Amino acid sequence: MAEPSFAFGPQWQGRCFVCGAIEQQYRTDKRLCQHCKERYRHERFFRDVSDLGSCFATILPQTDAVAEGLLRHGFSDMFLKAGEGDKRPGRLLKRAFPAGMPLPCGQPVLLELKHMAQFAGLGGTWVLDLSPYIWSGTLKDLRSWAVLSLAIEHRINHLALWTAGNAGYSLAKLVHRWNATVPTAQRKTVYSLVDAFASPEMVVTLRSLQCRVAPISTGSGTILSRDQLYHVVASIAGERKDYWQVTDGWDGVGVFMYSLLARQCFHFLRTELSKIRKLEGADVYIILPLGTGNLLLGFIRGMEHVGEGRAKVVAALPYGDHMMKSFEPPDAEPNDRPRMRRDLPEAPKLTGFYSPLSPCLWHLLQDRDFSHVGAVEFIEVDRAAQIEAAARVLGPAETMTVAAEPSALIAFGALKQLAQRIRDHDLNLEHSVALVVNSGFGIMGMKEQEFFTKSIFAFR
Ligand SMILES: [Zn+2]
């Protein structure tokens, strides 16, 4: 079974995230821009990877088929709640996704959390809450919506993906609903490839949605090639032509959706801030959790579109293992001064070392500069900061609460350190606003559930 190198419609171009080069048409087999491949070949991290071209992607899809005006419509219409007539989600994005998929995605919420601003010492703190998305209650729903739209457009009935939980749950639930509304011939099957150590709850939940689950033992850190994945799926599904493997090569679709979300949300936030005199034109920092980089890169692309007055993007990482560790030389930090012991937070969705977007992430580390708005800042969050944030975000002492799973809480845990860095750089804390992106509250393993039964509410 071989996935055809699938070419998106003519309204989609491919763009190298790192060097900006534009390719005529976006294809899922486009991995690494030729120019950047040469450039990376000699870098320490990339030198060890023999089959560089097939492991990493830098080419992301882009289209001008979504009018900027649409993104200034306020926050309620586009992303992607149920609507009627011209406001149906499928119609609003119909040039990018011509299938006109009728299923909505739900409604993210932008809200002010005054007590979090007080807690961090910032001029204002807002949350872009993705937990109200109706399928998995996480950021993955937006991506699943785009994937299913494209699959409908191109009559693909079998979709396989690697998942730590939420991505598979989201797509399986959306497809389950889709299947209930269409004739048999249009029904689709989702195959979730999960790690052999995936929690039984997760496997059971996926199976309850008629999702085919294949637990795979990879050993820690092993990357399965696309070919290996095809063999796994072929063994469950048989040889097929109408099949996509929507993990690698499809990150770009997620990045694209998040870039739209970032633009729309930011326009809306600026409007809200302009109503508060002391925050008009404030410096805005967007903090989001960094797992494989889809959300981060989407928001960076979004801010590139915004241009003047854009927000600075801050990536929150769990202290200990995380994606960016792969790029640090082992002796990056001379560590001879005594330090307080820091505990590892509970954030399993952010602790992987592999992302097909690695070259893009690595590139971001090359020009770190806090005072430059276009440079991304990285903040590591330990367990103490995670729990401290959890106590305030989840209540119960506060009336305004947000449903955030442990990995999502890492972003909130970065607020105080962000405030400290603003102070350190003699910037105006009172005129600074943080927008925290809550990636949601999805399917959780036992340890994540324990976090909620044991850890919280040691505060004040
Ligand atoms: Zn490039």
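**Burial, helix packing and strand pairing in a predicted model**

Student: How many residues of helix α15 (residues 406–413) are buried?
Tutor: Helix α15 is mostly covered, where buried means 20 or more other C-beta atoms within 10 Å of a residue's own, exposed 12 or fewer, partly exposed in between, with C-beta atoms placed from the backbone. The buried positions run through Pro 406, Ser 407, Ala 408, Leu 409, Ile 410, Ala 411, Phe 412 and Gly 413. Of the eight residues in α15, the number buried is eight.

Student: What is the basis of the residue numbers, and which pLDDT do local features need?
Tutor: Residues are numbered from 1 along each chain as its sequence is written. The model is predicted: totals for chains, interfaces and linings use all residues, side-chain atom pairs count only at pLDDT 80 or more, and local features need a pLDDT of at least 70.

Student: What percentage of the residues in the chain is buried?
Tutor: The chain comprises 17 helices and 13 strands; helices (H or I, at least four residues) and strands (E, at least two) are DSSP runs numbered from the N terminus. Among its contacts (C-beta atoms, placed from the backbone, within 7 Å) with a separation of 6 or more, 74% join residues 24 or more positions apart. Of the 460 residues, the buried share is 48%.

Student: Are α11 and α12 parallel or oblique to each other?
Tutor: Helix α11 (residues 251–274) packs on helix α12 (residues 294–306) with the axes 7 Å apart and an angle of about 50°. Axes are lines fitted to C-alpha atoms, for helices over the stretch in contact, and angles run from 0 to 180 degrees between N-to-C directions. Angles under 35 degrees count as roughly parallel, over 145 as roughly antiparallel, 65 to 115 as roughly perpendicular and the rest as oblique. The relation of α11 to α12 is therefore oblique.

Student: How many residues in the contact of α11 with α12 are charged?
Tutor: The contact includes Asp 251, Arg 263 and Phe 266 of α11, and Leu 297, Arg 301 and Met 303 of α12. Ala, Val, Leu, Ile, Met, Phe, Trp, Tyr, Cys and Pro count as nonpolar, Asp, Glu, Lys and Arg as charged, and the others, Gly among them, as polar. The division is 10 nonpolar and six polar, with the charged residues numbering three.

Student: How many nonpolar residues does the contact of α7 with α8 have?
Tutor: The axes of helix α7 (residues 140–153) and helix α8 (residues 166–181) come within 9 Å and cross at roughly 50°, and the crossing is right-handed. Among the residues that meet are Trp 145 and Leu 148 in α7, and Leu 171 and Trp 178 in α8. Three polar and two charged residues take part, and the nonpolar residues number eight.

Student: Which residue in the hairpin of β1 and β2 takes a positive phi?
Tutor: The hairpin has five residues between its strands. One of them, with phi near 85°, is Gly 20.

Student: Is Asp 426 buried or exposed?
Tutor: Asp 426 lies in the loop between α16 (415–424) and β13 (432–438). Its phi is near 55°, a positive value in a residue other than glycine. Because Asp 426 has 8 C-beta neighbours inside 10 Å, its class is exposed.

Student: What distance separates the C-alpha atoms of Phe 97 and Leu 150?
Tutor: Phe 97 lies in the loop between α5 (89–92) and β4 (109–112), and counts as buried because it has 24 C-beta neighbours inside 10 Å. Beyond four places in sequence, Phe 97 touches Ala 146, Ser 149, Leu 150 and Glu 153. Phe 97 and Leu 150 are 53 residues apart along the chain, and their C-alpha separation is 6.6 Å.

Methods. Contact = placed C-beta atoms within 7 Å. Pairing = 2+ DSSP bridges. Left-handed = near helix turned anticlockwise from the far one by under 90°.
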